[in-house]
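Notebook open, model loaded. I'm jotting down what I look up as I go.

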Amino acid sequence: MTAQAAVHRTGSAAFVRTAPAPALAPPALSVGWLGWLRANLFSTPFNAVLTVLTVLLLAWTVPPAVRFLLIDAVWSGADREACLVSAQHPHVGACWAFVRDRLAYFTYGSYPISGRWRVDVFFVMMGFGTAWLLWLDAPRRDLGAFYFFVVLPVTSFFLLYGLPPLGLPTVDTSRWGGILVTVVVASVGIVVSLPLGILLALGRRSRMPAVKFLSVGFIEIVRGVPLITVLFMASVMLPLFVPPAWSPDNLIRALVGVALFSSAYMAEVVRAGLQAIPKGQWEASAALGLGYWQTLRFVVLPQALRVTIPNILNSYVALFKDTTLVFFVGIFDFLKTIEVARADPKWATPVTSATGYAFAALVYFACCYSMSRYADGVERRLAVADRR
């Protein structure tokens, strides 16, 4: 029956419905949470099997992890005795008391205690500059870019390394460590890799043989070796080819190695974005009278970088995690400080190592997940124009 009048005739009499028939409710299995489960988790027999296996895997792994990290965890204590099995604690989980006791070392490394305020100021400046630059609606983002790429690096160097005329004692980079080193190495690699990668990608597409040959040679050689090889080359081999007075600091060598390595991969990411731009974009720009560099700046590069946001993010996440490799060349990054601290006899327990690695995993996950969420937000915002 429809909302219009329905007629039923019996002989010569006619019966007319004056009210619409009530709407029928949808099937119970197609709406609500049951409908969602059926559509997303049990839509096919194969999906149903995968769902059951996933639930079983979570039931097998999540409860023990929660029990170790939270329920049976030890949150306070002065030494290893707090994290040992005893009559009062028959089940001992993560020794978070160890993390609390060594948190300053995980953050600053061997940086002098009297100068750790300088590291705190650096973190605040880094956070302020990052927020200003990444906030798409922030006022005067041009000033934010100048602050982040010019003011912050220069100020941070003198702040962390020292400037005796201004009363900042020199702190050799061999005493830097922990999260400080991880942030410095990752920041330099991330900031340098994109512009250098763009130049290498443009050089690889260049029609000038010399520029193309050098760009292709650099990209293929650097991509053909592991990062640890580049770090060993920068840390061990470089001093053999230059006079001792010209030999750069060990941390500077690692920064250069990481930046060059990441830029080679970033070049291929940018090149993929450039190849995705139709030839008509170049022709339309030429018809408007735009030169080569104007076309790149205003037309091609914005579109190419937008297309490759997921790949750029993937490279940044991989770079952030790869910073742990610098400890192979004697630099005390965040993971290296955990390696050293877990060997301290004061906290030598069966759960100390697992707790330290769990803490490192949580920190790395939090940083990488934050980058991923921000990139997703930017990607959704840039995709609004495509949906209109």
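Where is Pro22 found? I find Pro22 in the loop between β2 (13–16) and α1 (32–40). The element names are DSSP runs numbered from the N terminus, helices being H or I with at least four residues and strands being E with at least two.

Ground rules before I go on. This is a predicted model, where local features need pLDDT of at least 70 and side-chain atom pairs count only at pLDDT 80 or more, while totals for chains, interfaces and linings use all residues. Residues are numbered from 1 along each chain as its sequence is written, and side-chain values use heavy atoms, with hydrogens and water left out.

**Pro22, continued**

I looked up its accessibility: Pro22 is exposed, with a relative accessible area of 69%. For the cut-offs, buried is under 20% relative accessible area, exposed is over 50%, and partly exposed is in between (1.4 Å probe, protein chains only). I also checked Pro22 against Val92: they sit 70 residues apart along the chain, and their C-alpha atoms are separated by 63 Å.

**Domains**

I noted two domains, domain 1 (29–71) and domain 2 (96–387). Those bounds come from an automatic or database domain assignment. Taken over C-alpha atoms, the domain 1 and domain 2 centres are 37 Å apart.

**Arg67**

Arg67 lies in helix α2. I get a relative accessible area of 40% for Arg67, so it goes down as partly exposed. Which residues does Arg67 contact, leaving aside neighbours within four places in sequence? I find Asp72 and Ala73, where contact means heavy atoms within 4.5 Å. I also compared Arg67 with Gly93: 26 residues apart in sequence, 7.1 Å apart in space, C-alpha to C-alpha.

**Cysteines**

How many disulfides are there? I count 1 disulfide, taking a disulfide as a pair of cysteine sulfur atoms within 2.5 Å. Cys83 is joined to Cys95, with S to S at 1.9 Å. The torsion about their S-S bond is about 70°, so I log the Cys83 and Cys95 disulfide as right-handed. Cys83 and Cys95 are 12 residues apart, each in the loop between α2 (45–71) and α3 (96–108). Are these two cysteines buried or exposed? Both Cys83 and Cys95 are buried.

Next I looked at Cys367, which is in no disulfide. Cys367 is partly exposed at 31% relative accessible area, whereas Cys368 counts as buried at 11%.

**Arg140**

I checked the backbone here. Arg140 is a residue other than glycine with a positive phi, near 50°. It lies in the loop between α4 (116–134) and α5 (141–161). At 48% relative accessibility, Arg140 counts as partly exposed.

**Helix packing**

For the angles, axes are lines fitted to C-alpha atoms, for helices over the stretch in contact, and angles run from 0 to 180 degrees between N-to-C directions. Under 35 degrees counts as roughly parallel, over 145 as roughly antiparallel, 65 to 115 as roughly perpendicular and the rest as oblique. A crossing is right-handed if the near helix is turned clockwise from the far one by less than a right angle, and left-handed if anticlockwise.

- α9 (residues 250–275) and α12 (residues 309–322): the axes come within 10 Å and cross at roughly 160°. That makes α9 roughly antiparallel to α12, and the crossing is right-handed. On the α9 side I find Val258, Ser262, Met266 and Val269, and they meet Asn311, Ile312, Ser315, Tyr316 and Leu319 in α12.
- α8 (residues 227–241) and α9: the axes come within 9 Å and cross at roughly 140°. α8 is therefore oblique to α9, and the crossing is right-handed. The contact residues of α8 include Leu231 and Leu238, and those of α9 include Val258 and Phe261.
- α3 and α14 (residues 352–382): they pack at an angle of about 60°, with their axes 10 Å apart. I log α3 and α14 as oblique to each other and their crossing as right-handed. Among the contact residues are Trp96 and Phe106 of α3 and Phe359 and Leu362 of α14.
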